[in-house]
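Let me put the model up and then walk you through a few parts of it.

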Amino acid sequence: MRPAVVITLLGSLLTSLANATAAEPPAGPSCKREPAKTAFTHAIDPYSHRQWKEAIPPLENAASLCPSPGGPWSIPSPTNPLVTMAYVPFFYLGNSYLGIQDFPTALRHFYLSTCVGESQRHGDKLGELSTKTQTSRAQVPTKDRMQSQPRFSDGFSAAQQQDWQRAADKMWEALLVWKEDGKSMNSYGRWRDPYLPRFRLADALFHLGCYREAAEQLDRSLAKDSPAAEVKAEREAFARLRPECDRKIREGYPDKEICQRWRCLLQQPGT
Amino acid sequence: MMRRNRNLSSATAHPFLVLALVLLGGGPLLAQTNLETNAGVQFNFSTPGAGNLALGGAFLALAFDASAAYTNPAGLTAIAAPETLAEVRHWNYTHLFTDRGRVAGQDPTTKGVDTIAGLRDGRAENQVTGLAFTSYVYPSRHGSFAIFRHELVDFEADFSTHGAYLALTRGRGPYGIPGERDARLASMRNRMDVNITAYGGAAAWRLRGLSLGLSVSHFKFSIDSLAERFRPELFSPANFASDPLVNVQSQSGEDSDWALAAGFLWESPRQRWSVGGVYRQGPDFTFEARSKSASGIDPAQLAPFAFSQRAPFHVPDVYGVGMAFRPSDACRLAFDYDRVRYSQLLDGFVDIFKLSMLDEDISPELDRFVIDDADELHLGAEYAFLRHWPVLTVRAGGWYEPDHSLRFEGENVGFGAVFRRRDAQVHLTAGLGLALRRLQLDLALDHSSRVSVVSLSAGVRY
């Protein structure tokens, strides 16, 4: 038998094996499986080479396209069909952010990994999740107020552009680093605003349609009771948002997947 | 716009000096001809914004308000919500020119007003107030966009000179123009009004941690200057009422041009460090440079002449790079280095007198006029009192402006006396800012020996 024929047969066999291991799971409620697979595939190579910054964008893309497939799902490496990687984008994102020492963002993704059930789907491969979650939590810089400024600023800008998911993410991280104190902080450019990340998280959750979670954060925010002149705008917004949350809750609204995630995230230690 | 003029040389001169000989002086070039008026005036191409001014102009790595549209368009990505900025500036220009005396190495004759050894400078001041900058910034998911209007130059000069002595042995030239074999320069009355205004648009995009920005500006230029040349008796004081007016030179016209600017801004992930850079292309203009005999001169005594030619005006290109550090949320430090290509002002340099037509033996020596490029250093710091509401910010800084005067290094003694090297200037700056939730007010001062600026700006976000 000619070598070329052997290689062709071997290749076909390996491809069959690879496809067998990449068995399609039942899709979750908001899982766009094919584009998520493409995005995740793009992340495999840089991730396996610890090129964290290169791995993060496709992983984030995959996580947003399919945050929670209905069951275990493994995807073959584009360069080595014998190697497959479990579809656990949040865990990999946590690892990637841990690799670039962005501990609050790493912690958020490890929490999300738990929240979306990655450890249940691929428990055998996520044995380190608990340890890495603890490591990230321990490394969050909670003693320097300025460490929260870039996240507060980023969240502020995202809210201005009505990117509510990012606004909520960054305000949650800011809150993790430095608790809400209502004092002035550089929000962007030359502007300064009261440091009220919990209020701004609530505002973002409201716009995401997570009214119960928004109401809970509003009630915990300093904006509710602060008499400070500089918090006047937030007090007025509170007075408008809080009854609106109650009205939405009374009328009933669909419990979106993203709200379930936020409900889980907001129950994690530190927030 | 309000303008005021005060000629210090005539207001403060000792009576003895009033009788002394006079001489025009050198200084940085304004328009690009060898007219003496251009030697006595100076401006710099300062960047807009009171916050910027108070920081000594060290702004490339900060670029954190709507003035970034002109200064470093990449900084527009730092602006999260639509905002406008308007700035009013008051300039106090001090013109420094050689007014009287005698060139070095010669003793005065002690006849009449020829009593001063060495060249003496005169000073005159002009004040201008105007709307210096306005802009509107609109950030979006697809990038940040801005429109702006910036008065790059708003300049007025008004001064007179008495005519310095050049040589002991020479006779009197009939035209009073430097370059003749003249023992004394003419006494002159000079006025000049220059305005350069940019109307532009800018856009910026963020690519991960790096922001890139681009602006396109349409510059409008106008110049209106007049130099009247009088010829007093050799040892008599200048008297503009009775001395014969022999000729006049004018520089006038309006023009426009387009120019580009591009910048970058990088911020560290924790936003403690930032680095910014910019290239600003200078527009090119032309104007009419005229020289003609005064009306009423006797052709039998002096051949009448009238010349008109196009002269260029190149606004210098600027390259700059800056770095900023934020040790805490309340404090910022910034440093900029700018290279201003003032030497471009000599491109197409024009002999407004057409000396070779007046006297074939005289060369205008245009290639012996020199201007150095300037390496400017800017340093600034600000501190915000975060517990104070509204937030109060104090700023201070300074910048080093090397000599960029037009000087003459040729044989012509007259030009040599007029176009001289001048001292570098150190600008000291300070300012205050008051920040409310949607309104910011900033006040700044910039003082140097040649120009003082007071700036007030207001920024509003929506």
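Predicted model: local features only at pLDDT ≥ 70, side-chain atom pairs only at ≥ 80, totals over all residues.

Residues are numbered from 1 along each chain as its sequence is written, and chains are lettered from A and ligands numbered from 1 in the order in which they are written.

Okay, helix α3 of chain A, residues 52-65. Helices here are DSSP runs of H or I with at least four residues, strands are runs of E with at least two, and both are numbered from the N terminus. The expected span is 1.5 Å times one less than the number of residues. Buried residues in α3(A) include Trp52(A), Ile56(A), Leu59(A) and Ala63(A). An α-helix has 3.6 residues a turn, so residues three or four places apart point the same way. Part of the cover over the buried residues of α3(A) comes from α2 (33-48) and α4 (89-99) of chain A.

Now, where do the chains meet? Contact means C-beta atoms, placed from the backbone, within 7 Å. Chain A puts in 22 residues and chain B puts in 22 residues. On chain A's side, α8 (149-160), β3 (184-188) and β4 (191-194) each give two or more, with α8(A) giving the most, at five residues.

Over to chain B, which has six helices and 20 strands. Strands pair if DSSP finds at least two bridges between them. β12(B), residues 318-328, runs antiparallel to β13(B), residues 331-340, over nine bridges, and the two form a hairpin with two residues between them. Gly320(B) has Asp338(B) in β13(B) as its bridge partner. β13(B) also pairs antiparallel with β15(B), residues 374-385, over 10 bridges; there, Tyr337(B) is bridged to Leu377(B).

Last bit, chain B overall. Its C-alpha trace spans about 75 × 40 × 35 Å along the principal axes, and 51% of its 462 residues count as buried. Of its contacts with a separation of 6 or more, 71% come from residues 24 or more positions apart. That's me done, happy to take questions.

Terms used. Contact = placed C-beta atoms within 7 Å. Buried ≥ 20, exposed ≤ 12 C-beta atoms within 10 Å, placed from the backbone.
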